[in-house]
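Subject: Structure for your review

Dear colleague,

Please find below the sequence and structure that I am handing over to you. I would be grateful if you could read the notes that come after them.

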Amino acid sequence: PRNIAEPVIDMLYPPGSNSRIPIIAITGTNGKTTTTRLIAHIVKNMGFKVGFTTSDGIYIQNRMLDRGDCTGPVSAEFVLKDPTVNYAVLETARGGILRAGLGFHKCDVAVVTNIAEDHLGLKGINTIEDMAKVKAVVVESVSNDGYAILNADDDLVYDMRNNANSKIALFSMDENNPRILKHCNNGGLAAIVESGYVTICKGNWKIRVDKIANIPLTYSGKATFNVKNVLGAILAAFVRGFKIEDIRVALETFIPSPTLTPGRMNLFEFNKFKVLLDYAHNPAGFEALKDYLSKVEESPKVGIIAGVGDRRDEDLHQLGVLAAQMFDEVIIRHDKNLRGRNENELVDLLKNGISSIDKNKSVKVIRSEIDAVKHALTNAKDNSFIVICSDVIPEALDTVKELKEKENLS
């Protein structure tokens, strides 16, 4: 008898070599999906066979193999077991961590976008500090020679460095952030915004990666929240040894669209008005949207919004407050899944928030998301800017595309 298995295994996994698939894990409250898709795009441009998971589905080389919220451990394992994949980029959300862990033992890079109030009051997570502890599990899973990439503008994210066993890299929208300055003075690695560029710093030297105006995802810098996502993504690529030139090309070829970023800042230009479709669904997401809309010249601004049933009363009230502040007209619709609440209760909480800012604000209630979209677009005023805060992204996208095609044919 001969030991047939040993030489086969040695051929597949040479002794002393690292045969594990590199894993980049992304967590946080908002921006996870966009950051995941951008990193996957950068990695794919480097020639790797990329598998990535998002709240939209599981993708192998941009081909969707499963649809739905795929941010848990089962989806991660699906990617890691695929024989064609040699690089994994995994969106890692709260629900999966609480339910069944991560789906991997160690990752090479973890990116934490931010921590904001969302999903509180569910599964024993009652405070934002509790939420940060859940998300920190991803940081603590980074291998010793890997990198935890943390948002230095967010106190709870920045504090995650204390329990990390890996190297630390930071990013910030403020080049003079004291945390960034201290980190770089100690020889640390960071990404910042300076003089209209996204820039990587290490110690005393700087490398300008690209002009913000040249990066389509940032909408010429108007989408500040996407600039933050870019900072985390370029750090993840840099610490994995990708060249600045290659990162720059990837940034400039990543076009926000229904194909590459479905439901994330998808802008459609009709003849007399514009439509933006986005997944914003919590106060932090609405704050980011409000910041973007403050730089949009078109008017009136019309918002299609909904309340999520498993959120706290104060969260739903705050959605109404923010909607009143950024929209001239509001259409309230309902998610397909009310998550334990009735329709009237959700509408009342949103209306209370709106009326606390402006009692005379134009508010309509249209139950179906598709009906609400059709109503807003068919009755759109000239030069208006319609924002669809969508729940079922594929259906909403199909509806907008259908109406756009009708306009093109007419």
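The notes below begin with the chain as a whole and then turn to one pair of helices.

Please bear in mind that this is a predicted model. The protein chain contains 14 helices and 17 strands. Its C-alpha trace extends over about 80 × 55 × 50 Å along the principal axes. Of the 410 residues, 55% are buried. As for contacts between residues at least 6 apart in sequence, 65% of them link residues at least 24 apart.

The helix pair concerns H13, which covers residues 369-378, and H14, which covers residues 393-409. In general, the packing of two helices is described by the angle between their axes and by the distance between those axes. Here the angle is about 30° and the axes lie 10 Å apart. Because angles under 35 degrees count as roughly parallel, H13 and H14 are roughly parallel to each other. Their crossing is right-handed.

Which residues form the contact between H13 and H14? From H13 come Glu369, Ile370, Val373, Lys374 and Leu377, and they meet Glu395, Ala396, Thr399, Val400 and Leu403 of H14. By class, the residues of this contact comprise six nonpolar, one polar and three charged.

With kind regards

Definitions and conventions
Residues numbered from 1 in each chain as written. Predicted model: local features only at pLDDT ≥ 70, side-chain atom pairs only at ≥ 80, totals over all residues. Heavy atoms only, no water. Axes fitted to C-alpha atoms, helices over the stretch in contact; angles between N-to-C directions. Helix = DSSP H or I, 4+ residues; strand = E, 2+ residues; numbered from the N terminus. Parallel < 35°, antiparallel > 145°, perpendicular 65-115°, else oblique. Left-handed = near helix turned anticlockwise from the far one by under 90°. Contact = heavy atoms within 4.5 Å. Nonpolar A, V, L, I, M, F, W, Y, C, P; charged D, E, K, R; others polar. Buried < 20%, exposed > 50% of the residue type's maximum accessible area, 1.4 Å probe, protein only.
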